[in-house]
Amino acid sequence: MQYNENIRLAIQGLADHKFRSFLTMLGIIFGVASVITMLSIGEGAKREAIAKYQDLGVNNIIIREKSLSDEELEEVRAKFSQGLSIQDAGVIKEIVPGVERIASQAEKNTDVRYNDRSVKSTIIGITPDFQAMMNYRVQKGDFISDKHYNERLRVCVLGAGVAANFFKGEDPIGKLVKIDDQWLEVIGVLESKSLFTETVGELAARDLNTDVFVPLSLFLNRFTRENALTSEIQQITVQIAGSDRLVESSKIINEILRRRHFNNNDYSIVIPFELLKQEEKERQIYNFLLGAIAAISLLVGGLGIMNIMLATVMERTREIGIRRAVGARKIDIMSQFVTESVAISITGGIIGVLIGIVLSLIVTLFTDITTYIQPYSVFVAFSFSVIVGVSFGYLPAKNAANLKPVDSIRYE
């Protein structure tokens with residue numbers, strides 16, 4: 001009964017001073033909303049990073065041809081290095097322990113044509129293991145198979161962007177597209193990929209949806225290189241059994257290539273798993289800082305609650321004295337004022353949660369930032385608002401409970 005009475009008095013107190021109560025809640029509202037929004041931005045960024053590195057294969061080691069000027073290439077070739085080659089991939093597979101799969105790829109930037117339309121694209125010659133290693137999924141049709149590779153068939157798989165540009169409302173499977181002077185049959189279309197907007201090592205930032213994939217055997221036989229000095233292939237992807245062996249394996253690969261390339265620094269090695277762990281650490285620090293900044297708003301809100309509750313105790317000194325005179329205990333008075341402060345923080349917390357969710361959705365809708373609201377962030381923010389209400393309401397409640405009944409009744 002006493003608990004219900006405290007709740008009734010708390011609600012009545014808020015209703016009697018609506019505007020003042022709302023102003024008191026603002027700190028809690030902004031604090032909770034900012035905690036949820038900041039954490040949702042951080043979580044969205046984390047998921048984007050994970051997706052990006054999963055596309056590279058978290059158990060993969062990627063060896064890329066370095067981007068060198070013509071003068072640097074001439075110097076490297078003069079020192080007997082022919083750049084990355086299929087033979088390099090064969091030696092790595094033979095020597096390095098724990099290699100599950102290995103995929104070579106060659107690249108060329110050129111135009112792809114269909115009827116009277118054309119798009120700028122990166123043509124990528126690949127081996128059949130590429131799909132399983134790089135997490136590429138086919139939306140329609142098939143991917144490059146052993147048969148396509150072994151028989152050098154004139155087939156291709158289109159990125160989602162290329163297919164959307166050429167075949168609006170039309171089935172692309174079986175159609176012929178022209179790349180350079182070669183006509184290739186479309187056998188598949190890939191699912192849309194997120195824009196690879198960051199450069200990782202020698203992995204150039206680009207739109208993966210404009211890529212077109214062909215068998216590497218066909219590429220090397222039918223397509224001329226962009227530059228006579230460039231390597232036979234531009235990338236070797238090595239999949240290792242177990243992420244704990246990635247660093248050790250990369251050192252062995254580096255030693256093999258260093259010897260085969262006569263100590264020429266014309267390649268780079270990227271380990272997506274190591275980059276992902278590094279980014280996760282940075283993201284944790286980032287999320288902590290965002291959460292700390294947002295938590296300051298809650299603390300400010302708590303100070304506002306304490307200030308208002310102290311003023312409320314002063315205003316209601318006679319009421320406190322009368323209640324004590326008719327039998328109310330100290331614990332009853334303290335419970336009443338703590339309940340009021342908790343009511344303010346809970347109401348502000350609920351409003352803050354709603355505003356935080358709406359702000360997170362607005363950020364996603366009107367910016368390039370993707371947010372993701374996790375239940376734990378809502379729980380943490382709301383729980384913290386309640387804790388703030390109890391903590392900062394305790395001192396005013398204690399002051400109210402310690403007032404002497406006689407002095408309180410005489411208070412003007």
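Residues are numbered from 1 along each chain as its sequence is written. In this predicted model, local features need pLDDT of at least 70 and side-chain atom pairs count only at pLDDT 80 or more, while totals for chains, interfaces and linings use all residues; side-chain values use heavy atoms, without hydrogens and water.

Start inside. In soluble globular proteins, nonpolar side chains tend to be buried together. A nonpolar core here is a set of buried Ala, Val, Leu, Ile, Met, Phe, Trp, Tyr and Cys residues joined through side-chain atoms within 4.5 Å. Buried means under 20% relative accessible area, exposed over 50%, and partly exposed in between (1.4 Å probe, protein chains only). The largest nonpolar core has 41 residues, and Ile-63 and Val-238 have the most contacts inside it. Strand 2 (residues 99-114) gives the most to this core, with five residues. Helices (H or I, at least four residues) and strands (E, at least two) are DSSP runs, numbered from the N terminus. Apart from this core lies another, of 19 residues, among them Ile-29 and Met-334.

Look next at Ile-63. Leaving aside neighbours within four places in sequence, its contacts (heavy atoms within 4.5 Å) include Leu-84, Val-238 and Tyr-267.

Now turn to helix 3 (residues 70-78). Leu-73, Val-76 and Arg-77 are buried there. They cover an arc of only 95° around the axis, so they sit on the same side of helix 3. The arc is that of the directions from the helix axis to the C-beta atoms. An α-helix has 3.6 residues a turn, so residues three or four places apart point the same way. The buried residues of helix 3 pack against strand 1 (60-65). On the other side, Glu-71 and Ala-78 are exposed.

Some backbone angles deserve a look. Most residues other than glycine have a negative phi. Phe-80, which follows helix 3, has a positive phi, near 80°. Arg-152 is not a glycine either, yet its phi is positive, about 50°. Arg-152 is in the loop between helix 6 (146-150) and strand 5 (155-158). Asp-180 has a positive phi of about 55°. Its loop runs between strand 6 (176-179) and strand 7 (182-190).

Ile-351, Val-358 and Phe-366 are among the residues that make a nonpolar surface patch of about 650 Å². Val-358 is in helix 12 (residues 330-366). Val-358 is partly exposed, with a relative accessible area of 45%. Patches use residues with over 30% relative accessible area and no salt bridge; like charges are joined within 9 Å, nonpolar side chains (Val, Leu, Ile, Met, Phe, Trp, Tyr) within 5 Å. A salt bridge is a side-chain nitrogen of Lys or Arg within 4 Å of a carboxyl oxygen of Asp or Glu. Accessible areas come from the Shrake-Rupley method with a 1.4 Å probe; for residues, only the protein chains shown count as cover.
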